[in-house]
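Trainee: I have a new model open on my screen and would like to learn how to read it. Could you walk me through it with some questions and answers?

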Amino acid sequence: VLVNLIRSAAGYHSKTVRFLHVAFDTTGDTFLAGDHHGNLYGFDISRNRFTLVQKTGQACTALAFNLRRKTEFLVALADYSIKCFDTDSKELVSWMRGHEGAVSAISVHGSGRYAISTSTDTAQLWDLDTFQRKRKLNVRQSVGIQKVFFLPLSNTILSCFKDGSIFAWESDTLYCKYQLPVPEDGPRLYYKAFAVTRDGRNLVAGGKSNLLHLWCLDSKQLLRVIQMPPKVRTVRHLEFLPDSFDGGSSQVLGVLSQEGIMRFINIQTCKLIFDIGTHDDGISSAAISPNGHHVVAVMENGSLNIYSVQALTQDINKPPPPLVKVISDMDRATAANQTLSGLKMKVKSGQVQRPVKSVAGKVQTRVLRPPAHASPEDKENELPEGLNKKRLQALLKGFGEYPAKYRMFIWRSLLHLPENHSAFSSLTDKGLHSAYLRLHDRYPIKSQKLQRVLQRVLSALAHWSSIFGETEYLPLVAFPFVKLFQNNQLICFEVIATVLMNWCQHWFEYFPNPPLNILSMAENVLAHHDKDLLQHLVNCEVTSQLYAWPLLETFFSEVLTREEWLKLFNWRFERKHFFSSNQLHGCTRATCCLLIYPLFLFQYFFHHRNNLDINAMIKETYRLMDSTPTEIHPRRMLSDFEPLTRGQYPVFNKYPTFIVEYQSQEREKIRQQEIEYLRERQMAQELRSEAVRRQAEDEAWFRQQQLLQEAEEQRRRILQEEEGKLAEQRVRLAAIKRELKVKELHLLDAARSRFVKYQQDQKKMELRRLDDEIDRKTSLRDQETAIALQDIEIRQMELEAQRRLFEQQLLKEQERVTQEVKAEVDSRHRKAEAEEHTFKKVLERDMCHDLETRKALGGSWAEADQLRMDADWQAEVLRRLEQADVERERCHQELAHLTRETHAKEEQLLQLMKEVEGKK
């Protein structure tokens, strides 16, 4: 523990204010911490000082300090809002609202332009240039969001939900790219904590279990399941420990469990490296600096602990150990001690951290910085990562090679690799180059991982410069470096690009032919140092393309072992103008070459390993470099070392572009022709398979038809037999039918005679019934006619009486005309009305009587018509019906005469009434 920070309340030193959250900036030397009272403090670890940055008045729920503008930071508050402050001006930059719950996490894009804030019910994407909300992700309350964050070095957003599902989205379009499959085996973890490596390729997730799931985001597969100790029941926080040597593929993971202990494990070996925190002094949350030097832990008691990773482990980010340890193991101790003493005296630069005990007994860190004024020679010898070129040269001369443990680290410093992550990502995002799609056919490799890495690196080189897509020997050049740096593709690409730019100068000027200028240079050097060997090669018709070019295009990987090759490139990278060692290989083996005569033996000799002392070859190389004249020295043709530029890679166009373009066009044409050929072959194959299928179907159909014909013949024979049996049965059935028909005819005759007799009886009975009915109706008509005549006579008598009454009234009225005209008129009117009413009743009664008579007559007519229609077959009935019609006609005439008389009398009465009214 470097420092333990406690925030005490103002005026109450015994009362502490709890720290809640911490966040580092992009450099890793400064971090922010927010306490329970809403105060935000900035801590500078390198300067050992702190300052009060802001007072928000509310407890913070999340912090983010890695924005594009280095002095700005985001803080999520308890009122569900997010504020952006500036650490220098201490002013409010923006205030963002929109959440309906507490913000649990803030994730910032690698560019610093976008941020994602996460709460339990929603996640929102913010534009940090305008501080406006771009998108919003809502989910059902039953599901819930666990965490949403950006993947490093990409535009991918990873969303993790409480049901354990994980989705990947494109940040620009929010298109769902993929979903990680839910493991079917084992218990559900219900992920709560997540961590991603710096290269964005691996994801670790943990939850309510002691198991961790390690996912590969490239293949979307679960790589392994890591089991923590049984004491771990819940994983509260996960975070990778960065390493400057791993190129982003972090191997050390920090796991914070429910017991307050954070264990750091290696995800490949699953071994515990170190842990922080105890049961008595547990950790609530933690943050690791981006450079991997410090860990800040928020303790359960509310204080902050700052840990030094360098003091906790000796394997992570450890600088090279003192050279005394290495030299003491060597055989030449005396020379080594002299060299060591010289090295110690020349130390003038580099940062060396040495722990020193303070007065309080706590370990502090003192940084030894270089002098303010350095000489030009010292500046020239300075290398990245605090290394010195002269010390490395002395180390290489003393031991012949760099320590294996730090060889890659030293190479990266010697080559000044810029580590352009974004530029390399833009090259890899273009996918596999068409020239290397079938690389496994030409160069089969047993390791699938190594094959994929080689294919990706070569594709990136081809996308960088089109010449590398046409170079046939590029896989031979790149393979040794890919095998060394297979776990870090960025470093591998930059090492190969640096080698191609500096150690392969002028190689591509005669493309597609070998570099004739370089081979001529090698032949000139060989002619100067060993004319006999050159003459022997000329006599054997062995050119530089046979003895020099095979070694160059493979970088000696065919003729040297791994250890010899690494030693050789230690010297190559240390000396930027290191002499091309292919002719030196021949010079040191001059005796062997002079004994070789057939051409195929030369070919075998320069393509296979032979007994060789690499140290002697390197010494001979130094001797030849010193003794080679200036006019033929390679230094005269080759330019100085130029490292790759930072930000973007330089343009590589030192080749005949028209040839490369022509070859690429021809290759594209051949590829299109091959695709067309494959398509036609596929079509031919489909047609062939279709013909075979049809032939098989035809044969099956013919076999089926033959079987059907045989079955039909068998059924025909069976039918013939059945038809014979049926004919016999039909003959017997016809005889039986004839017998039954005769019996049926006899029965029908008997039934017909019985029915005729029955009909005759029925007709007789009907005749008698008709006679009775006619007699009854005739008597009924006579009675009705008599009644009608009586009614008419009564009506005539009533009319006569009324007429006489009217006459009497008229006489009386005439007598009283002069005296009571008005009264008489009124009485007459009343009487007239009464008479009219009475008359109407009489008329109605007469009309009703006439209607009844008409109805009766209508019924008689209908009955007569029905009888006439029914009696067509019987003459007697017709005669009687005619008599009835004559009698009914006579009655009708009498009734008509009486009706006419009645109407005449009514008209007379009406005329009389009109005359009376006229007199009034």
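Mentor: Happy to! Let's start with a term we will need: a nonpolar core is a set of buried Ala, Val, Leu, Ile, Met, Phe, Trp, Tyr and Cys residues joined through side-chain atoms within 4.5 Å. Keep in mind that this is a predicted model.

Trainee: Thanks. Which residues have the most contacts inside the largest nonpolar core?

Mentor: The core to look at is the largest one, and it has 77 residues. Within it, the residues with the most contacts are Leu461 and Trp464.

Trainee: Which helix gives the most to this core?

Mentor: Start from Leu461 and skip its neighbours within four places in sequence: its contacts then include Phe493, Ile496, Ala497 and Leu500. Those numbers can be looked up in the helix that spans residues 489-502. With ten residues in the core, the helix that gives the most is α11.

Trainee: How many residues are in the other core, the one that lies apart from it?

Mentor: To find this other core, look for Ile166, Tyr178, Phe194 and Leu217, which are among its members. Its residue count is 17.

Trainee: Back to Trp464. Is its pair with Phe468 stacked or edge-to-face?

Mentor: The ring centres of Trp464 and Phe468 are 5.8 Å apart, with 25° between the planes. Both residues are buried. Planes under 30 degrees apart fall in one class, so the pair of Trp464 and Phe468 is stacked.

Trainee: And why is the pair of Phe167 and Trp169 tilted?

Mentor: Here the ring centres are 6.1 Å apart. Stacked needs planes under 30 degrees apart and edge-to-face needs over 60, so anything in between is tilted. The pair of Phe167 and Trp169 is tilted because its planes are at 35°.

Trainee: Is Trp169 buried or partly exposed?

Mentor: The cut-off for buried is under 20% relative accessible area, and exposed starts over 50%. Trp169 has a relative accessible area of 22%, so it counts as partly exposed.

Trainee: Let's turn to strands. In what order do the four strands of the open sheet come?

Mentor: Begin at the edges, where each strand pairs on one side only: these are β4 (19-24) and β7 (49-55). The pairing in this sheet is antiparallel, and neighbouring strands are turned by 25° against each other on average, direction ignored. The order is β4-β5-β6-β7.

Trainee: Now for β10. How many of its five residues are buried?

Mentor: Strand β10 covers residues 82-86. As a general point, side chains in a regular strand alternate between the two faces of the sheet. In β10, Ile82, Cys84 and Asp86 point one way and Lys83 and Phe85 the other, and all are buried. The number of buried residues is five.

Trainee: Which residue in the turn between β10 and β11 has a positive phi?

Mentor: These strands form a hairpin with five residues between them. The residue in the turn with a positive phi, about 60°, is Lys90.

Trainee: Last one: over the face of which residue does Lys83 lie?

Mentor: Lys83 is one of the buried residues of β10. It lies at 4.2 Å from a ring centre, and the ring belongs to Trp95.

Terms used: Residues are numbered from 1 along each chain as its sequence is written. This is a predicted model: local features need pLDDT of at least 70, side-chain atom pairs count only at pLDDT 80 or more; totals for chains, interfaces and linings use all residues. Side-chain values use heavy atoms; hydrogens and water are left out. Two strands pair if DSSP finds at least two bridges between them. Helices (H or I, at least four residues) and strands (E, at least two) are DSSP runs, numbered from the N terminus. Axes are lines fitted to C-alpha atoms, for helices over the stretch in contact, and angles run from 0 to 180 degrees between N-to-C directions. Buried means under 20% relative accessible area, exposed over 50%, partly exposed in between (1.4 Å probe, protein chains only). Contact means heavy atoms within 4.5 Å. Rings of Phe, Tyr and Trp (its six-membered ring) pair if their centres lie within 6.5 Å; planes under 30 degrees apart count as stacked, over 60 as edge-to-face and the rest as tilted. A charge sits over a ring if NZ of Lys or CZ of Arg is within 6 Å of the ring centre and within 35 degrees of the ring normal.
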